[in-house]
Amino acid sequence: MKNKRLAQWLQDHLEMLGHIDDEKDNTFHVALYESIIDVALNDETRMLNSVLESAAAHAVAIGRELTDLLDVSQRLRSRIWERIGEEIDPEPAFAMLSDLDTIFVHITRVTIDTYQEGTKLALAARASEISRLYTDSEQKVMEYAAEVVRANRELAQLEQAKTDFISIAAHELKTPLTLIQGYVNILSDLQLGDQAASLAGGINRGAERMGVIINDMLDLSALDMNTLILIIETVNLKRTLGLIVDQLQSSLTERNQTAEVNLNTLPEIEADGRRLHQIFKHILYNAIKYTPDTGHITITGQEVAPTRTKPACVQITIADTGVGIAPEDRERIFEKFYRVGDSDLHSTGQTKFMGAGPGLGLAIAKGLVEAHGGEIHAESPGFDMKNFPGSRFVVTLPVNVRPRPGIQIERITRPKLEEAQETEADHA
Ligand code: ADP
């Protein structure tokens, strides 16, 4: 019954068709209209069914006839039919009306079934008491149901707009950026004076930073659109994390911080090594960024035994002695573009204390961890710029990769030595 065009058309005609003058039936009509949009958009009849069940129960309770109840949906169907017939060319109109009728057949069936069930119940129980309860509560249930459907749809539309924006912006920016980088390369091959060479260097650094952000946006859009492919190999987490800490050593020294890796007994896991590198590098960059000078970062790990519902996993915890995270932000920091505090702060390098970024890193980290079938969450006593309570980021990954639905994997098996050399070269 999913028909995006029908859903959009109904949404556009909400003002015109979503209400009726008849006060007695308006609540049901509104809830019905909203739920029909929901069905056309998501092919999901749960909300519609609960609206119909509430309406039928209410009708039984106030002694209303079944035909009266069916009349509300039939009138709505006629109004929509008439309007689509006037506005839309016959061929697309036919497809919309045919899907619409499938929905109305469902509505009629569920209305009749639940009305009959309700009648049986009402007869069996004390009618007056049920009547009082239904009259009070069922009307409200219907109102809430319509509100929930509407709010959900608006949220889904916002989320879709974010996804579309990221994908379009990243693809559109990629081409001019490649051009800039090409010209900078040509410039640096010329015999430039010191001043011009330093300017070219500045352009190059800016272009590289922009390249990182665009690649982040491309990764996010691949995760959202299920086009990401994980290249699965055997990964030694101790080596991966040790390598990252080595790479971040100059930033740690610059900030007078220390990092300790304590991962002696972990098993190797199946994962995309390059993606794991990306995940942990980002979490570690954040740990450096949100910890004051002289702070300390500790990386520990443990095996988690399988349970009836969860496979064997390894759990890596990255703890810092930084500013911490307020309880209300602990989940939201994993959303796209979400940044705690002042959004007017501009990006100021990857490791400067409290240097703001675009707010994409943790969204990508979460997306990539979940793509492997894992989980990530943050723990912290709260945000405090004076006492520095610290944060812990806990990443749980299955020992045998369990890609989430929509994620494709390719497995590579290579001789160990060659693998080690290549992974190190890739990550350098
Ligand atoms: P950004 O590009 O802003 O760093 P992220 O997605 O990496 O974006 O992080 C989102 C927000 O989460 C950050 O703006 C920061 O407020 C908070 N955050 C991330 N890591 C830490 C940490 N280790 N300690 C405290 N806050 C953190």
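## Sheets and helix packing in a predicted model

Strand β2 and strand β4 (residues 296–304) run parallel and are joined by five bridges. The structure described here is a predicted model. Within this pairing, Thr258 has His296 of β4 as its bridge partner, and Val261 stands opposite Ile299 in β4. In general, the strands of a sheet pair through backbone hydrogen bonds, in either a parallel or an antiparallel sense.

**The five-stranded sheet**

The pairing of β2 with β4 belongs to an open sheet of five strands, whose order is β2-β4-β5-β7-β6 and whose pairing is mixed. At its edges stand β2 (258–262) and β6 (375–379), each of which pairs on one side only. From one strand to the next, the twist averages 15°. Helix α11 packs on this sheet and touches β4, β5 (313–320), β6 and β7 (392–398). The direction of α11 makes about 25° with that of β5.

On its other pairing, β4 is joined to β5 by eight bridges, and these two strands run antiparallel. Here Val304 has Cys313 in β5 as its bridge partner.

**The three-stranded sheet**

A further open sheet has three strands in the order β3-β1-β8, again with mixed pairing. Its edge strands are β3 (269–271) and β8 (408–411); each has a single partner strand, so one side of each is left without a neighbour in the sheet. The twist in this sheet averages 30° from one strand to the next. Strand β1 (residues 229–235) pairs with β8 in the parallel sense, over four bridges, and Leu230 stands opposite Ile409 in β8.

| Strand pair | Sense | Bridges |
|---|---|---|
| β2 and β4 | parallel | five |
| β4 and β5 | antiparallel | eight |
| β1 and β8 | parallel | four |

**Helix against helix**

Helix α11 (residues 273–289) has a helical neighbour as well. The axes of α11 and helix α9 (residues 237–247) come within 10 Å and cross at roughly 50°. The two helices, α9 and α11, are therefore oblique to each other, and their crossing is right-handed. On the α9 side, the residues in contact are Leu237, Thr240, Leu241, Leu243, Ile244, Val245 and Gln247; on the α11 side they are Leu276, His277, Phe280, Lys281 and Leu284. The residues of this contact divide into eight nonpolar, three polar and one charged.

Asp216, Asp219, Leu220 and Leu223 in α8 meet Ala363, Ile364, Gly367, Leu368 and Ala371 in α12. The residues of the contact between α8 and α12 comprise six nonpolar, one polar and two charged.

**An aromatic pair**

The structure holds one aromatic pair. Phe334 and Phe393 form this pair, which is edge-to-face, with 6.2 Å from centre to centre and 70° between the planes. Phe334 lies in the loop between β5 and α12 (361–371), whereas Phe393 lies in strand β7, so the pair ties together parts that are 59 residues apart in sequence.

How values were computed. Residues numbered from 1 in each chain as written. Predicted model: local features only at pLDDT ≥ 70, side-chain atom pairs only at ≥ 80, totals over all residues. Heavy atoms only, no water. Axes fitted to C-alpha atoms, helices over the stretch in contact; angles between N-to-C directions. Parallel < 35°, antiparallel > 145°, perpendicular 65-115°, else oblique. Left-handed = near helix turned anticlockwise from the far one by under 90°. Contact = heavy atoms within 4.5 Å. Nonpolar A, V, L, I, M, F, W, Y, C, P; charged D, E, K, R; others polar. Pairing = 2+ DSSP bridges. Phe/Tyr/Trp six-rings, centres within 6.5 Å; stacked < 30°, edge-to-face > 60°.
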